[in-house]
Amino acid sequence: MTRYVIGRIAQAALVVWAAFTVSFLLLQALPGDAIMIKFLNPELGLGPDEVQALREAYGVDQPLLVQYLQALGNFLTGDFGYSVQAGVPVSPRLWVNLPATLRLATLGLAFAAVLAVALAFLSTLSPFVWLRAVIQAAPGLFVSIPVFWLGIMLIQIFSFRLKWISVINPGEFEGLILPVLTLAVPISAPLAQILMRNIDEVLTQPFVAVARAKGASPAGVLWRHVAKNALLPTMTMAGVLFGELLAGAVITETVFGLSGIGSLTEQSVRFQDSSVIQAVVVFSAVCFVGVNLIVDLLYPVFDPRLRKQKVAAA
Amino acid sequence: MAKERLPVSLKQFFRKRVRTAAALAAVLALSVSVPVLAQDAPVQGGTLIYLEQQAHTNLYPPSGGFYPNGGVLNQITDKLTYQNPETLEIEPWIAESWEVNADATEYTFKLRSGVTFSDGTPVDAATVALNYDIFGLGKPNLKYPVSEVINNYDHSEVIDEHTVKFVFKRPSPGFLQGTAVIGSGLVSTATLALPFDELGDATKIIGSGPFVVASETLGKELKLTAREDYNWGPAKFEHQGRAYLDGITYIIPPEASVRIGALLAGQADVIRQIQAYDEPQVTAAAFTLLAPNTRGVNNSIAFRPDNPLVADIKVRQALSLATNTQEIVDTLFSENYPRATSVISSKAAGYVDYSDKLVFDQEKAKALLAEAGWTPGPDGILAKDGQKLDLTVYVSLPQPQNEGVLQLIAQQWAQVGVKLNVLPGDAGTRTLDQLDPLKTPVTVAMVGRADPDVIKSGFHPKNRDWLLQKGGSSQNVQSFVDDDLNTLLEAIASEPDHDKRLAISGEIQARVLDQYYQIPIFEEPQAFAAAPYVHGLEFEAVGRPSFYNVWLSR
């Protein structure tokens, strides 16, 4: 078991390193760089000599390998470099923006899960065929709604027309209601689809027929027998989605003016602020592999069958 | 008992009623007039919520040109002089009086006494001298750039505690106005000892202004509070004491519909950057729309004559004739965006009406292009010697609706057979390509500053160098240079006589338009919207908001 865990962690580290290297190479290949963009701004009125002096001060003209090794070394010690555009070190910006994204991601996923489960159960238990068809079409609709449109519509209706929620200077939780809703709708779609499909699959299994024969109601069958079995693939999907959410919901954050990892990403891409982009890429990679690792390790916890296999192997 | 009412005469009956009615009327009149009187007098208190489109980047005063920076700096710093936005005259502020020598190489300022920064240190000659030494010369070890508005600075001299002299290497007539611009806000010595990048943190900026920075959430929110002991507004203001508002909260919702909706729903008090197509919403709700002119070079497109495609003056003239600026203004904008009638705004110093040089004539445009040897190819685009008249321009994000403007121009030019590619571009590619006349034969040009020097800021090779001349910021220029233009531009920055300067400005405008270097499109304002209960919102000469005189009547 421990060998398995160590092996998975090593794999995860390899993935993170690969993400770092590939993003470094890609960023170096882009025309221009952050220093040029910031200081060749006509409003600053700097001449080419002054900009060159700044470039040397920031160390951007060193050979590629030197820069790569420096960056790698810094990352391993937790120093993510310097954001040229904002003029502050990257680490504080990342940690300051993280809580907002964490809150949004966690609540967003929780809501999405609730929505997905509600849809799946409703579709399974619905007495009418036409209703079932409508509910099964819902995920397709949810994933097609443009996120920015949904966000703006929710603001227009709930904040400006009905005046239930304030968007400017809201309280901590008040300010999360609409963004969480905006995120939850498209995220719930894949969850709901996978859950529905798996439920249908499990319902064809023999033990379900046995349960029905023993007199369980449809709701009882669904809740006690089918749900747990249909849950596993959904958990993997949820893990993937959570990893995505942690990387930042750029559009939602822009519409609602939240400063999370998403808006940090958008700003740094706009100004080609390589250090910040690298830090965000590595952070996202770590989140992704971390979440997937946790889900993989949780599988035996949820499914006793997998537990027994491990014991037998050991 | 009712039956035993005493008889009363009719006269007495009415007299009583009239007296009661008169008393009632008097009471009513008083109760109505008292609130009316109260509305005219400023009320102290309240916090203003101001919505900006972007966060401030750096609060080093010469970086105040960027509007989000200037919007903050204008409240927390004061300047030596105040430029009256109506008359464009320079009036005393922190400097009570000043003397300029005959050839504008020496300026001596006498400072007002009793002015202090918010950390208690005095605003005296030594501090003012330090400020201007840094604005004029930069500070390379701390990475401070030189201020764009200060030319030919040599050194400063502290004569006594309240008198400071600035000496210039060559005549610098624009300096007096330069002491009033947003880039010349005075900050404390401690502030100027910090590395440039740390000035992105608003809490580190110590000025002498009517507001001080209370707290900041980087990129999201900034809180200012009124300074209680403030007592030195611009000399000609009636209001000299502390600001009426208790505080201002800057919030940054990047999405335009959220800003307008928040204002109209009562969640915000003032917003900046409201687009022309959103103006009807604001006026329909009886909110105030304010669009101060930025008084500088108009929103326009400029050519890079180094590129062989636009090197021929006939081609440039044809493109100018093919551009229908009235159509652009009517289609995309509102009455707050007047059509341009010269290189600079009609409200700018030195403006000359050259609308006779800015004509729309498609037929003449086609004729000129044919004369220049361009014939339509099989796809309708003009070609000559195997080369198509295919031009490129990058969208300039700070300019309002710039992509729409450029695309409309592209449509208009297509009608005479010229193709214009409008590229959004990413920041890196755009910055690089803008320096190469072969890649960007056309560029968007606009700069706001209320001094005749503004025209030099745009065209001179050592400044923004819109035309990309040899000896300027670009290494990619082959040969183009316009010495006559450059001589005039340098003259305007060094002519001490005010009237002569304005005359030179007129000559420069004539040259730019006669050479068809630039096609001015419209006069760009800064558009703000405010709730009806916001009074006293003013703007400095280039459209930055000043909240000093603002009071709320709610």
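This is a predicted model: local features need pLDDT of at least 70, side-chain atom pairs count only at pLDDT 80 or more; totals for chains, interfaces and linings use all residues.

**A guided look at two chains**

Guide: Of the 314 residues in chain A, 36% are buried.

Visitor: How many helices and strands does chain A have?

Guide: Chain A has 14 helices and 2 strands, and chain B has 14 helices and 25 strands. These are DSSP runs, numbered from the N terminus: helices are H or I with at least four residues, strands E with at least two.

Visitor: Into which domains is chain A divided?

Guide: Domain 1 covers 2-90 and domain 2 covers 96-270. Such bounds come from an automatic or database domain assignment. The C-alpha centres of the two domains of chain A lie 35 Å apart.

Visitor: Why is α7(A) called roughly parallel to α5(B)?

Guide: Helix α7 (residues 147-161) of chain A packs against helix α5 (residues 256-264) of chain B at about 5 degrees, with the axes 11 Å apart. Angles under 35 degrees count as roughly parallel, over 145 as roughly antiparallel, 65 to 115 as roughly perpendicular and the rest as oblique, so α7(A) is roughly parallel to α5(B). The axes are lines fitted to C-alpha atoms, for helices over the stretch in contact, and angles run from 0 to 180 degrees between N-to-C directions.

Visitor: Which residues make the contact between α7(A) and α5(B)?

Guide: From α7(A) come I152(A), I155(A), Q156(A) and F160(A), and from α5(B) come S257(B), V258(B), G261(B) and L264(B). Two residues are in contact if their C-beta atoms, placed from the backbone, lie within 7 Å. By class, this contact has 5 nonpolar, 3 polar and no charged residues. Ala, Val, Leu, Ile, Met, Phe, Trp, Tyr, Cys and Pro count as nonpolar, Asp, Glu, Lys and Arg as charged, and the others, Gly among them, as polar.

Visitor: How many residues does the contact take from chain B and from chain A?

Guide: It takes 34 from chain B and 36 from chain A. On the side of chain B that touches chain A, β10 (247-251), α5 and α11 (427-433) are the elements giving two or more residues. That side divides into 14 nonpolar, 13 polar and 7 charged residues.

Visitor: How do you know that β13 and β20 of chain B pair?

Guide: Strands pair if DSSP finds at least two bridges between them. Strand β13 (residues 297-303) and β20(B) have 4 bridges in the antiparallel sense, so they pass that test. In β20(B), Q518(B) is the bridge partner of A302(B).

Visitor: What makes β19 and β20 of chain B edge strands?

Guide: The open antiparallel sheet has the order β19-β13-β20 (chain B). β19 (442-447) and β20 (518-522) each have a single partner strand, so one side of each is left without a neighbour in the sheet. The twist averages 30 degrees from one strand to the next.

Terms used:
Residues are numbered from 1 along each chain as its sequence is written. Chains are lettered from A and ligands numbered from 1 in the order in which they are written. A residue is buried if 20 or more other C-beta atoms lie within 10 Å of its own, exposed if 12 or fewer, and partly exposed in between; C-beta atoms are placed from the backbone.
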